[in-house]
Amino acid sequence: MDGAIVVRANGGSEVLEWTQSDPGQPGPGEVLIRHTAVGLNYIDVYQREGLYPLELPFTPGMEGAGRVEAVGEGVADLSPGDAVAYTGNGPAGSYREGRVLPRSRLVPLPDGIDEQTAAAIMLKGCTVEYLVRRTFPVHEGHVVLLHAAAGGVGLLASQWLKALGATVIGTVGSEAKAELARANGCHHTILYREEDVAERVKQITDGAGVHVVYDSVGAATFEGSIASLRPRGMMVTYGNASGPVPPIQPLVLAQGGSLFLTRPKLGDYYTSAEESADGCAALFDMVTSGKVRAHIGQTFALEHVADAHRALEARETVGSTVLVVGS
Ligand code: NDP
């Protein structure tokens, strides 16, 4: 039997229960892996609370990294001991020690990316990959507003956007986070709990506004984000850390200057093995070339994941949070 977290009823972090369960054996085309590191993501909170409903009971966790323990029939290109990882384009269930997964969901880790680094970047870095390369392809000269710039997705996005030649304006919740965001690629930072975001964006851009806003904060920032865009700019609302965005009138987009609005999610950009391989390869290139570095702000033992959820929701974390398994 293996240790695993189970959620039997939606609720606060107290519903994350440590239990024992059998991971099973790999069938044809499947692989049994032993996690060593699991990434914590805000989506885990939405699923725990029930904002993104899952059938109960369930084991949370959208990504992980570890070693191959056994392979099923027909899996010829992986062997026990290989280091592998996976991103968030499949069912939840990574908050556990051993897990059976389809071979197609796993990527072997290249030299230079260890398992903790993988757990820090797989879901968050793949998110940045599709947001900056495929949702709104960012080029040199673009001016970008990025919310929660010192968070997990935020620190990876700040670095990636800078590497693409964009001017990055990051919002953050404290002066310490502002310093960290600037050290990771943000050219300007805004303390959005104290300052008017659209006003500050106007000052920074000489009244022009930004080409694109990447907004994961949701309800609290939506209006300021729309007001920060230049005509024909794109509003990318991709998260709800402060609550989901209420319904809006399409006329708001006309009044803002024929704006574009999209609400993307990773699963729709990582729909096939080819798309996943391409996205992960782009991410690994950015990391192995040193253009993007993982920033693991804090680690927790998997058994204590409730403490990690509390810290994430209280805005106490910076960068990525990694859950260490079996230490
Ligand atoms: P973060 O590390 O970014 O943590 C969330 C941050 O949001 C906090 O640290 C805080 O930063 C900020 N925040 C603002 N308001 C609140 C609030 N009311 N409650 C809590 N936090 C708040 O998390 P992740 O990197 O895991 O995820 C970032 C966002 O991206 C999430 O919203 C997530 O859902 C979204 N996401 C979306 C994906 C998609 O495909 N659509 C895929 C992956 C992530 P500060 O103190 O600086 O304000």
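## The shell around the ligand

The residues of the shell around the ligand divide into 14 nonpolar, nine polar and five charged, where Ala, Val, Leu, Ile, Met, Phe, Trp, Tyr, Cys and Pro count as nonpolar, Asp, Glu, Lys and Arg as charged, and the others, Gly among them, as polar. The model is a predicted one, in which local features need pLDDT of at least 70 and side-chain atom pairs count only at pLDDT 80 or more, while totals for chains, interfaces and linings use all residues. Residues are numbered from 1 along each chain as its sequence is written, and side-chain values use heavy atoms, with hydrogens and water left out.

Of the 28 residues around the ligand, Tyr130, Gly173, Lys177, Tyr192 and Arg315 come nearest (a residue is near if one of its heavy atoms lies within 4 Å).

## Polar contacts and burial

Taken alone the ligand exposes 910 Å², of which the protein buries 92% (areas by the Shrake-Rupley method with a 1.4 Å probe).

## Placement between domains

Because domain 1 (2–121 + 285–324) and domain 2 (140–263) both give residues to the shell, the ligand lies between them; the domain bounds come from an automatic or database domain assignment. Helix H2 gives the largest share of the shell, three residues (helices are DSSP runs of H or I with at least four residues, strands runs of E with at least two, numbered from the N terminus).

## Two backbone features

A cis peptide bond, with omega about -10°, joins Leu56 and Pro57, and Pro57 sits in the loop between H1 and strand S4 (64–71). Asp206, although not a glycine, has a positive phi of about 50°, and Asp206 is found in the loop between helix H5 (197–204) and strand S11 (210–215).
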